[in-house]
Amino acid sequence: MKDFDEVYAASYADITVQLYAYFNDRQEAQDIAQEAFCRALARWRSVSRYDDPVAWIRRVAWNLAVSRWRRGRTAVRFLRRQRVEEPYLDGPGPDRVMLFAELAKLPAAQRRVVVLRYLADLTVPEIAEREGVPEGTVKTWLHRARTELAGKVDHD
């Protein structure tokens, strides 16, 4: 049975150089070599009995390298299919910022029903069912919220 530390010391640099030649990225090569050695250490009882444990570690490293290369290639393909340039969108205007600020001051239930009624276009019965309250409660919350907002939101 071979000692893991000896195998690591004797083989880490060679495997890293081989991976560096594949990736042309020293950090990537070091990361993959480390991962391969970590996997070997986790199974060292069985790996150490192999005729050539370094061959097993090298195979694991190459498999990891190919997997990373494939994931990278898939990511590049995905990114190429995406829109190259995002359209410029103006940020929210002062009225919207003020409305959101005032909505945030309302009690949570009133804020929810206002959002559900006016932004999600749900009816009072739909909101009542969703919130698990009577329709009259929804109407009361809407009335109170509109009353609170009426003095603060400009109705141009």
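This is a predicted model: local features need pLDDT of at least 70, side-chain atom pairs count only at pLDDT 80 or more; totals for chains, interfaces and linings use all residues.

Before counting charges I need the rule: Lys and Arg count as positive, Asp and Glu as negative, while His and the chain ends are not counted. I place each charge at NZ of Lys, CZ of Arg, CG of Asp or CD of Glu. With that, I get 26 positive and 23 negative side chains in the protein chain. The centres of the two sets lie 5 Å apart.

Residues are numbered from 1 along each chain as its sequence is written, and side-chain values use heavy atoms, with hydrogens and water left out.

**Overall build**

I looked up the helices and strands, which are DSSP runs numbered from the N terminus (H or I, at least four residues, for a helix; E, at least two, for a strand). The protein chain has eight helices and zero strands, so I can write its pattern as α-α-α-α-α-α-α-α.

Next, how big is the radius of gyration of the protein chain? I find 31 Å, whereas a compact globule of 156 residues would have one near 15 Å. That radius is taken over C-alpha atoms, and the globule rule is 2.2 Å times the number of residues to the power 0.38. Along the principal axes, the C-alpha atoms fill a box of roughly 80 × 40 × 25 Å.

I call a residue buried under 20% relative accessible area, exposed over 50%, and partly exposed in between (1.4 Å probe, protein chains only). Of the 156 residues, 26% are buried.

Contacts (heavy atoms within 4.5 Å) came next. Taking those between residues at least 6 apart in sequence, 59% join residues at least 24 apart.

**Salt bridges**

Side chains of opposite charge can pair when their charged atoms come close. My cut-off is a side-chain nitrogen of Lys or Arg within 4 Å of a carboxyl oxygen of Asp or Glu. I find five such bridges in the structure.

One of them pairs Glu102 with Lys105, with the closest N and O atoms 3.2 Å apart. Both residues sit in helix α5 (residues 94-105), three residues apart, about one turn of the helix. Is Glu102 buried or exposed? Glu102 is buried at 12% relative accessible area, but Lys105 is exposed at 61%.

Arg112 and Glu131 also meet in a salt bridge, 2.9 Å from N to O. Arg112 is in helix α6 (residues 108-119) and Glu131 in helix α7 (residues 124-131), so this pair ties together parts 19 residues apart in sequence. I have Arg112 as partly exposed at 36% and Glu131 as buried at 19%.

Arg130 bridges to Glu131 too, at 2.7 Å between the closest N and O atoms. Arg130 is exposed at 54%. Arg112, Arg130 and Glu131 are therefore linked in a network of salt bridges.

**One last residue**

Ser11 lies in helix α1 (residues 4-23) and is buried at 7%. Leaving out residues up to four places away in sequence, Ser11 touches Phe37 and Val54.
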